Amino acid sequence: MASVVYALCALTSGLCAVLLWRAYRASRARLLLWSSLSFIGLACNNLLLFIDLVVVPSMDFSLYRSLVAAGSILVLLLGLIWDSN
Amino acid sequence: MTPAPLSDAVRRFLTDAVGSVERLNLLLFLHRYPTRWWAAQALAAELEMPADMVQTHLEHLSARNLLDVKIAESVIYCYKPGREELSALVEEVARAHYLHRDDVVAVLAQRLTGSARLFADAFQIRKGKRDG
């Protein structure tokens, strides 16, 4: 059951990234660019989670997963700060 | 149908370079005294705004090439757009602010909700007709 949830999280984040990118292409609003990049990172994070816990449970990817997640949030944070300026 | 009182250039300038009503008031105040140099403290007293906020707004406007900056006893600012187009835009904004103040304020207010609306609209998979 947990593996289904991990996979769905990755798919949902990926879908969000695609929708945000599509909206960015249409409007050229910077916030949407940063949000899209951030969701791409979150999708990668969820994919790594799936690989880590389901595909190759013998290996520990937690550090890489955390770094990708932190980077994604940082991108979104920088985008929000830049947009508010 | 009445024509839009604000040109696209003015709308873009308001949302991209000005961004808030407070900053607009500051810019128009400086524009009114184009030869006078101001310290943030003096402007804060004149406009009845907190000095640190005025300082932030002055830095924002300087970064957008709208003000000249000099270091005297403190950092002082003077209205001096770096390009002729910028000067013309500020003139147009000042005129619009005089004649259509509600519209100018509405553009700045919409900017605050604009990003949030774009973000929300991004998740509309089917772009259907919307009311309003």
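Predicted model: local features only at pLDDT ≥ 70, side-chain atom pairs only at ≥ 80, totals over all residues.
1. Residues are numbered from 1 along each chain as its sequence is written, chains are lettered from A and ligands numbered from 1 in the order in which they are written, and side-chain values use heavy atoms, with hydrogens and water left out.

2. Chain A has three helices and zero strands, giving the pattern α-α-α along the sequence. Helices here are DSSP runs of H or I with at least four residues, strands are runs of E with at least two, and both are numbered from the N terminus. The C-alpha trace of chain A spans about 45 × 20 × 15 Å along its principal axes.

3. Of the 85 residues in chain A, 34% are buried. Buried means under 20% relative accessible area, exposed means over 50%, and partly exposed lies in between (1.4 Å probe, protein chains only). The accessible surface of chain A is about 5100 Å², with 75% belonging to carbon and sulfur atoms; the areas come from the Shrake-Rupley method with a 1.4 Å probe, and for residues only the protein chains shown count as cover. If you look at contacts (heavy atoms within 4.5 Å) between residues of chain A at least 6 apart in sequence, 58% join residues at least 24 apart.

4. On to the interface: 13 residues from chain A and eleven residues from chain B take part in the contact. The buried area between the two chains is about 990 Å², with 65% from carbon and sulfur atoms; this is the accessible area (1.4 Å probe) that two parts lose on being put together, summed over both. On the chain B side, Phe119(B), Ala122(B) and Phe123(B) lose the most area to chain A, together 44% of what that side buries. Helix H6 (residues 101-121) of chain B gives the largest share of that side, four residues.

5. One joins Arg65(A) and Asp52(A) at 3.0 Å, N to O. This pair links helix H3 (residues 62-84) with helix H2 (residues 30-55) of chain A, its members being 13 residues apart, and both are buried. Glu85(B) and Arg83(B) also meet in a salt bridge, at 3.1 Å, N to O. Here Glu85(B) is partly exposed because its relative accessibility is 49%, and Arg83(B) is partly exposed at 42%. Across the interface of chain B and chain A, the rule finds zero salt bridges.

6. Have a look, too, at His97(B) in helix H5 (residues 84-99) of chain B. His97(B) counts as buried because its relative accessibility is 12%. Beyond its neighbours within four places in sequence, His97(B) is in contact with Leu24(B), Asn25(B), Leu28(B) and Val104(B).

7. Two backbone angles deserve a glance. Glu48(B), not a glycine, has a positive phi of about 55 degrees; Glu48(B) sits in the loop between helix H3 (40-47) and helix H4 (51-63) of chain B and is exposed, with a relative accessible area of 74%. Asn65(B) has a positive phi near 65 degrees. Asn65(B) is placed in the loop between H4 and strand E2 (67-71) of chain B and counts as partly exposed at 34% relative accessibility.

Terms used: Salt bridge = Lys/Arg side-chain N within 4 Å of Asp/Glu carboxyl O.
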